[in-house]
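Please read the points below alongside the sequence and the structure.

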Amino acid sequence: MTTLIPVIYQDDHLVVVHKPSGALVHRSALDRHAPLVMLQALRNQLGQHVYPVHRLDRPTSGALLFALTPEVATALGHRFQQHQVRKRYLAIVRGIGPDEAIYDWALREEDGKRPKAEMPAMDAETHVRRLDSVELPIAIDRYPTSRYSLMSVKPTTGRRHQIRRHLSRGGYPIIGDARHGKGIHNRFFRDNFEAGRLLLAAVTLEFHHPVFDRTLRATTAVEADMAALMDRFGWAGHCPVNQVQWPDTLDISDKGYAAS
């Protein structure tokens, strides 16, 4: 059965869609069995060529931007390279996250081809803010209760797995992160809340439209499993809805811009 990709915004020049968790942005030799490849599926759905201008990791869900012409793809690519695209994520993490914090630990590439220690360290910066938290009367690890937080995350750079690595190093790994998280908590969410995946969602993209010369802000809802979990924890008020806005200006002095 063909999967219909939710379209958040579309015009003659670009389209913003919702990428489900588990989908690849484009086909990869590393995973030939992905259930959904966004590039091919969206091309078939729209009946025209589409050009990806950034990526989301396979387990991450949320807002994904494609250009519909090579010229717009080039223009949007420059926006990303110049840190002029604002991205916001929601993450459910272990522990009571900080009210606000900036993580700026340099990161080495994780490409699997060379030892990470041989890769150059690259500047990376992530702004985090705790939106809400919950304490469950359940002993999962060595403590009598278990605490979790909903974090708003804005990366200002776009290093591979940056959000996952920065939150983990800060002591607040994202639930469902098999590589940088903690298995006992991941299994607890899988077995008790039917949430057996990375609980990270790209919920907002904000950028200057290269043709209309206006700022476009596209917001996407989180997937049903994450929304149900947020509701269960009393966080439903933080659930975004699909929405398109045209703010008058995009203040690029504000933090929260990602290169990729």
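Helices (H or I, at least four residues) and strands (E, at least two) are DSSP runs, numbered from the N terminus. This is a predicted model, in which local features need pLDDT of at least 70 and side-chain atom pairs count only at pLDDT 80 or more, while totals for chains, interfaces and linings use all residues. Residues are numbered from 1 along each chain as its sequence is written, and side-chain values use heavy atoms, with hydrogens and water left out.

**Helix H2 and its surroundings**

- The buried residues in H2 are Val 72, Ala 73, Leu 76, Gly 77, Arg 79 and Phe 80; buried means under 20% relative accessible area, exposed over 50%, and partly exposed in between (1.4 Å probe, protein chains only).
- Viewed down the axis of H2, these buried residues fall within an arc of 155°, so they line one face of the helix; the arc is that of the directions from the helix axis to the C-beta atoms.
- An α-helix has 3.6 residues a turn, so residues three or four places apart point the same way.
- Glu 71 and Gln 81 are exposed residues on the face of H2 turned away from its buried side.
- The cover over the buried residues of H2 includes strand S2 (14–19), S3, S4, strand S5 (86–94) and S11.
- His 83, which follows H2, has a positive phi, near 60°.

**Salt bridges**

- Eight salt bridges are found in a search of the whole structure; a salt bridge is a side-chain nitrogen of Lys or Arg within 4 Å of a carboxyl oxygen of Asp or Glu.
- Arg 164 and Asp 57 form one of them, at 3.4 Å from N to O. Arg 164 lies in helix H3 (residues 162–169) and Asp 57 in the loop between strand S3 (51–52) and strand S4 (61–67), so this pair ties together parts that are 107 residues apart in sequence.
- Arg 164 is buried at 9% relative accessibility, whereas Asp 57 is partly exposed at 24%.
- Lys 182 and Asp 141 form a salt bridge at 2.6 Å from N to O. Lys 182 is in the loop between H3 and helix H4 (183–193) and Asp 141 in the loop between strand S9 (126–136) and strand S10 (146–155), so the pair ties together parts that are 41 residues apart in sequence.
- Both partners are partly exposed, Lys 182 at 30% relative accessibility and Asp 141 at 29%.
- Arg 197 and Asp 225 form a salt bridge at 2.8 Å from N to O. Arg 197 belongs to the loop between H4 and strand S11 (200–208) and Asp 225 to helix H5 (residues 224–232), so the pair ties together parts that are 28 residues apart in sequence.
- Arg 197 is buried, with a relative accessible area of 13%, while Asp 225 is partly exposed at 25%.

**Aromatic pairs**

- The whole structure contains ten aromatic pairs; rings of Phe, Tyr and Trp (its six-membered ring) pair if their centres lie within 6.5 Å, and planes under 30 degrees apart count as stacked, over 60 as edge-to-face and the rest as tilted.
- The ring centres of Tyr 9 and Trp 246 are 5.7 Å apart and their planes stand at 75°, so the pair is edge-to-face. Tyr 9 lies in strand S1 (residues 7–10) and Trp 246 in the segment after strand S13 (243–245), so the pair ties together parts that are 237 residues apart in sequence.
- Tyr 9 is buried at 13% relative accessible area, whereas Trp 246 is partly exposed at 25%.
- Trp 246 also forms a tilted pair with Phe 212, at 6.2 Å centre to centre and 45° between the planes.
- Ring pairs link Tyr 148, Phe 188, Phe 189, Phe 193, Phe 233 and Trp 235 into a cluster.

**Model confidence**

- The chain averages a pLDDT of 90, and 90% of the residues score at least 70; pLDDT is the predictor's confidence in each residue, from 0 to 100.
- Residues 250–260 have a pLDDT below 50, and this stretch has 45 contacts in the model beyond near neighbours in sequence; contact means heavy atoms within 4.5 Å.
- Where pLDDT is low, the predicted coordinates should not be read in detail.
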